[in-house]
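Subject: Structure for your review

Dear colleague,

Please find below the structure that I am handing over to you. My findings follow it.

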Amino acid sequence: MTKPTESQAGGCHLEHLATAPLPTRFGTFELHVYRWDDPKADPSLSDEHLALVMGDVRGERAVAVRVHSECLTSEVFASLKCDCKGQLERAQAEVARRGRGVILYLRQEGRGIGLANKIRAYALQAEGADTIEANQRLHLPVDARQYDVAAAILRELGVESVVLMTNNPAKVDALSALGISVTERLPMLVAANPFSQSYLEVKKKKMRHELPSGVFNQKPPEPEHPDDTESPDPAAAH
Ligand SMILES: [Zn+2]
């Protein structure tokens, strides 16, 4: 058992709660659970954040890192409305390919507005609003995500510099502003489907995500059936 460690940053407090090996389809990661006490945090969001670590990262440079925010609808229910689960799985596969890396899983559902508000926004999107307009109509921020916990965990893990797995240049800027050295951005591209196409177009046009045209105009995915004997290819579903 590893010794609990604690660190302080700007009135916030990071506590390491637990760790254990986690075998996955992509290989075995070390799963760490942290608690992040932030007096300004939205109390409807969990304060327990996760790090999936593979290989030796302490003191290492150019470590592949994904800073991923929770998306229950895609990750648990295979929702086709977004590319979150596809990006998470691509990041796990990339870390496994390199034999070293970190995936941070932050509990800021719905770009930080929480699950119920995200589903309220989905209801407005079903009536034709895009993801930004829906949040604005609910008087909610378009993107309320914070990355200070990500920076604190990377420091706790001793990562010297990161190759950030993201399509979002603003995430590179946010982590850099928090003192994390980002040496490179590695795109995590997931093909659009008819349900995610307009969402990804908004991400590209209004949120400045770097999404090449090849992501769009893909064929619709085949529905998966529970009696299929072969395990479905996760990449093909997105
Ligand atoms: Zn999502």
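Which exposed residues does helix 7 carry on the face turned away from its buried side? They are D173 and A177. Please bear in mind that this is a predicted model.

The protein has 8 helices and 8 strands, and buried residues account for 34% of its 238 residues. Among contacts between residues at least 6 apart in sequence, 61% join residues at least 24 apart.

Helix 7 covers residues 169-177, and its buried residues are K171, A174 and L175. Seen down the axis of helix 7, these buried residues fall within an arc of 95 degrees, so they line one face of the helix. Their cover includes strand 5 (63-69), helix 6 (148-157), strand 7 (162-165) and strand 8 (182-186). After helix 7 comes G179, which has a positive phi, near 90 degrees.

The largest nonpolar core comprises 44 residues, and those touching the most other members are V65, V102, L104, A150, I153, L154 and L175. Elements that give two or more residues to this core include strand 3 (27-37), strand 4 (48-54), helix 2 (84-98), strand 6 (101-106) and helix 7. Helix 6 gives the most, with 6 residues. In soluble globular proteins, nonpolar side chains tend to be buried together.

As for V65, leaving aside residues up to four places away in sequence, its contacts are G101, V102, L154, V159, V162, V163, L164 and M165.

Yours sincerely,
A colleague

Note on methods
Residues numbered from 1 in each chain as written. Predicted model: local features only at pLDDT ≥ 70, side-chain atom pairs only at ≥ 80, totals over all residues. Buried ≥ 20, exposed ≤ 12 C-beta atoms within 10 Å, placed from the backbone. Helix = DSSP H or I, 4+ residues; strand = E, 2+ residues; numbered from the N terminus. Arc of directions from axis to C-beta. Contact = placed C-beta atoms within 7 Å. Core = buried A, V, L, I, M, F, W, Y, C linked by C-beta atoms within 7 Å.
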